[in-house]
Amino acid sequence: MSFEKNLLQMKKLIKKKPAKSESLAPFVIPEKPKYTKAWEESGLKVIENDFGIVFEKKIVYDRNYCHGNFKLKEVFDAFALWNSFQGVHPVSTDGKQVVFFDTETTGLKGTGTYIFLIGQLIWNKDHFEMTQHILADPSHEAAMLYESGLWKPGQTVITYNGKSFDWPQLQTRWTLNREHLPKLSDPIHIDLLHGSRRVWRNDLDQFKLTKIEEEKLGFKRVGDIPGHLAPIIYMDAVKSGNPSTLLKVLHHNEWDILSLLTLFIHTTKLILQEQYLDSSTSSTNIGKWFSDLKDFEKGQSVFEQIITQYGTAEAAMAFYYLGYEYKRIKQFDLAYESFEKSLGHVLDVWEIKVYEELAKIAEHAKKDFGLARLHVEKALELIQKTADLKPLQKDRRTHEFKKRLERIIRKQTISRASAGFDRK
Amino acid sequence: MRERIVHWHTIDEKQAFLSDFPEDLHPSIQQALKERGITQLYSHQRLAYDTARTGQSFTAITPTASGKSLCYHLPVLQSIVEDSSSRALYLFPTKALAQDQKSDLNLLIEQMNQDILSYTYDGDTSPAIRTKVRKAGHIVLTNPDMLHSGILPHHTKWVSLFENLKYIVVDELHTYKGVFGSHVAHVLRRLKRICQYYGSNPVFICTSATIANPQELAESLTNETHKLIDKNGAPSGKKNFIFYNPPIVHPTFGVRRSAILEVRDLAKRLYKEGIQTIVFAKSRVRVEMLVTYLKELSKKKINDESIRGYRGGYLPSERRQIEKGLRDGTIQTVVSTNALELGVDIGQLQACIMTGYPGNIASAWQQAGRAGRRQDEALIIYVAQSTALDQYIVNHPAFLLGQSPEEARIHPDNLVILMDHLKCASFELPFKTTEQYGEFEIQELLAYLEEEGILVRTSDKWHWMSDRFPAHEISLRSASQENVIIIDQTIPAATKVIGEMDRYSAMTLLHEEAIYLHQGIQFQVEKLDWEEKKAFVREVDVDYFTDANLAVELKVMSEDKERSYKNGAVFYGDVSILAMATIFKKIRFDTHDNIGSGPIQLPPEELHTSSSWLSFNRPPGWTDAMLTDAMTGAATSIASFIPLFVHCDRRDIHVVPQVKSIHAELPTFFVYDSYPGGIGISERVFDVWPELLGHVEQHVEACPCDQGCPACIGPQEAIVGMKDEVLKLLAYLQLESTGDPYVI
């Protein structure tokens, strides 16, 4: 209530006059914030341009620098792999003008959310270079956006969740400064969150970057700040002028980007099946991904590789997907065989689908109605028994299979009758 | 029944006034109109078109079924045919109305055979088409809430709309009053600020039901000068307007038979005659009571849906189904709150019954407008309740039938509301240190927000510096964001949410043991979790309903204006109110006997608001007891008459009598606004005390009862009523001015 009391005190502050229109003023370079010196002393460099100032931090890493299980230079192997890859894939890049990119913001959405930190990692012949641009204060936004160089055409950006977060935020900020800045380019964008979700579905239950670092990249952060505190830390640094905690946010962002690079190396090697396999689950996901991208040949070869490498039980999902691959190219006998091999090793929901596919092939391709009937009956049995389906789903599936069963029985009768007729 | 008809008024048919199509009207639009059988425009549609084309914002007064949508469709469509980069934004008070209008608009566009894209943009719009709507939608139909939290804070995604916005259409202008209207006034100021940023300067087109001050309302809502178009060219059929007063059942106390029971009987007769009827009742509870009564008529039929209730708190799908039933005739009688007053498309019905006066003339005509098919005669029955205002109206039909509708007022100056939207506006675009916001000078207020740590000041701007998203914390519809969710736990394994209610109403309607009615089904509240804002209810079958009392404590915090009179003085200022639900009564259906009561255990709610009060010197020789009774009676009457002067709901204001006010130690009547910070009602009352008291005295005097009755000073408990004392007091209070007001 004290807020309301305050407001009542302030009532006298309300003054009114007819609305006036603001005229468009030419761009004036904003004043430097009072704390410019203090921030400089903490190790940040001041960059001045036509739009004001921006703070910058550069970090240089040797080619052999290790982050978790990876050396940074392995990224060149990854580019080489993509360069020899014949096909289309969302993670594919030719390695030219690639930027690993991540931002920190003051909120989650809307035009009142500022980007206060842009981190970018690139490389030269013999070293890697991280550049972080820090918003001096909101009036110096154009200076930071310009200095980031993200408007330059022809770049490829690699991000983690950048497609739905960082890039739209950048577009929003750009729109608000569009009268002064060069047009923001529309770069090739590889979002590794999407990639990770495809690769580790049913394997990881969380796709936070720190989780992936620990589980897959062999990196554990010590002394990191939780990401959700970043906005408050920045706003506090601007309000108080003291940058000490802000440096921890820079470190957080640095780790994010280094992990982004190693994640790119790791997923590339997994997707292109170089050297090693992570697990049958992720390999199956990768095969499925190729199939969904209509690269059926590659998909099939991935499934086949899993089957040679793992036992039947481990490769069951691969058999399942491979079944669909064969069915698609009308290799019904191979499809049947493949589906059959997955039986007994996959979840009930999939097993019901397998019976459905087996029944379809038996009915339509093999014209073996007895066999088709057998599979349908197995499916019906499983639907009753399983705990994986909800009552309504059970009813629906049962209904579908019963219709199929009726049709098969009808065909069976006709074929028996005609067979009998032939005999006569 | 005939003798209960106090007055029978017929309104003759009215001929149409027509004009030719404007010469420049695009052939495709002319073609589309001809396909609909329209070869000429009504005069007001033509004037609207011509005015819009000169770039002048305007407000058109448009009764039900006068073809109001063409007033805005024509100039908007014309501007898009001429230049396909043009954009228009349509605002409707609710999502449902926008969706309704979209089908009509799309049909028109189809008939034009042009590539014009119109979309609704609200919570139901699928994420898949949102980008398309933002980038390519020529006409975007939305509601103020969505504009407030879904569009303005993301304006950078709407660049093509804001750069090319030619028209902003505000439909149902008259609904933007009070708190909601004040909020929307700010949403529109924010919208204009964004338009200016992108370099557009749209024309406003408002359409409104009949109110006293449409132009003033439009101008204060949009902060823009408007031309008024009030000559309606549409024809109308003959209307029979019946003023019906329930019989007096207790002559001494002037007690009349309950209006609800009369309405039940009238609605039954119309139902049996097969006449499609809409019954308006003033509260959710009354809607449910009437539905319960009327369903008796159809209970022998299985799955009969011919009688339905309709009100806020029903789920949207349920409402859509009822609207459809009314259009296709499967529903014969609908009982509704004022929710169906607005332009929800339910077609035209044959008869309309109003249970009591809806509180203002504009609403009364909106409700009456629901009856009247093109060629048919329409029947409108106004059934008076026992309240003072209702009795006044039934005895003075000219009041309703004459041309004196109320003013609709908004109060964008409310500081709570202003600050809320200043935050939103700061979030949307940083304010310059020289900028003003709408008509407000705000630099000092921005400095306050900086102190609060929400803004940061740089050399020439105030920047939002918080991780919060202010629009989500501010609801346009109610004082408090938090609603109480109503959960049906009749079947423990399958609990479901059946409705919601604002916090203030919940104190008296959802307390534990309250009977809550939903679609005629009774539920008892078993548990009210005030912390979590959840009410758990279970279906019951009882023969009573519940009614709760609210106790109020009041303190004056500041006096801003004062005006002296002979025996007293009136003031305007800020007060602090502490409201607490105290007890509830169980009241039997039909007889309305009190059959039990119980306490309500809820924490008090505090409210800071504006108030106008009348303090007076104790009339010589009066005891405390006499004064208490007389003041209580007079307060009842004063409360009833305030809506006559200011377009507001009865529940927007409260009148509290104090024999010895804590503040001045004098007998005092307080009138205060029900919303934090006030919404301008008591400020208006400050100016009209003499007329208000004059009206009250006249009415009490003219009332036919002996001792005082619900129609004048409220029901009297003792055998000897206080009517004489109330009259003496009112006569004593007739305010003779002693000079000009002055501001302290």
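Author: Happy to! Let us begin with a pairing that links the chains in this predicted model. Strand 1 of chain A, residues 15–16, pairs with strand 20 of chain B in the antiparallel sense, over two bridges. Within strand 20 of chain B, B:F440 is the residue that A:K16 stands opposite.

That pairing belongs to a wider interface. On the chain B side, 41 residues are in contact with 35 residues of chain A. The elements of chain B that give two or more residues to this side are helix 16 (415–428), strand 20 (440–441), helix 17 (443–451), strand 22 (461–464), strand 28 (544–564) and strand 31 (605–616). Helix 16 of chain B supplies the largest share, five residues. Sorted by class, the side of chain B that touches chain A holds 17 nonpolar, 14 polar and ten charged residues.

Now for some strands within chain B. Strand 27 of chain B, residues 534–539, pairs in the parallel sense with strand 23 of chain B, residues 483–488, over four bridges. In that pairing, B:V537 of strand 27 has B:D488 opposite. Strand 27 of chain B is also joined by six bridges to strand 26 of chain B, residues 521–529, and these two run antiparallel. Here B:E539 of strand 27 is the residue opposite B:F523. Strands 26 and 27 of chain B form a hairpin with four residues between the strands, and B:K533 in this hairpin takes a positive phi near 60 degrees.

The nonpolar cores come next. The largest has 188 residues, and those that touch the most other members are B:I205, B:L290, B:I353, B:V383, B:L510, B:A634 and B:I642. Helix 19 of chain B, residues 624–645, gives this core its largest share, nine residues. Leaving out residues up to four places away in sequence, B:I205 touches B:A52, B:F58, B:C71, B:Y72, B:Y167 and B:V169. There is also a second, separate core of 63 residues, with A:V99, A:I286, A:Y326 and A:F401 among its members.

To finish, here is a helix pair in chain A. The axes of helix 11 (residues 296–309) and helix 12 (residues 316–328) of chain A come within 9 Å and cross at roughly 145 degrees, and the crossing is left-handed. Helix 11 of chain A brings residues including A:F296, A:G299 and A:F303 to this contact, while helix 12 of chain A brings residues including A:A318, A:L322 and A:R328. By class, the contact between these helices has eight nonpolar, two polar and two charged residues.

Technical notes:
Residues numbered from 1 in each chain as written. Chains lettered and ligands numbered in written order. Predicted model: local features only at pLDDT ≥ 70, side-chain atom pairs only at ≥ 80, totals over all residues. Contact = placed C-beta atoms within 7 Å. Nonpolar A, V, L, I, M, F, W, Y, C, P; charged D, E, K, R; others polar. Pairing = 2+ DSSP bridges. Core = buried A, V, L, I, M, F, W, Y, C linked by C-beta atoms within 7 Å. Buried ≥ 20, exposed ≤ 12 C-beta atoms within 10 Å, placed from the backbone. Axes fitted to C-alpha atoms, helices over the stretch in contact; angles between N-to-C directions. Left-handed = near helix turned anticlockwise from the far one by under 90°.
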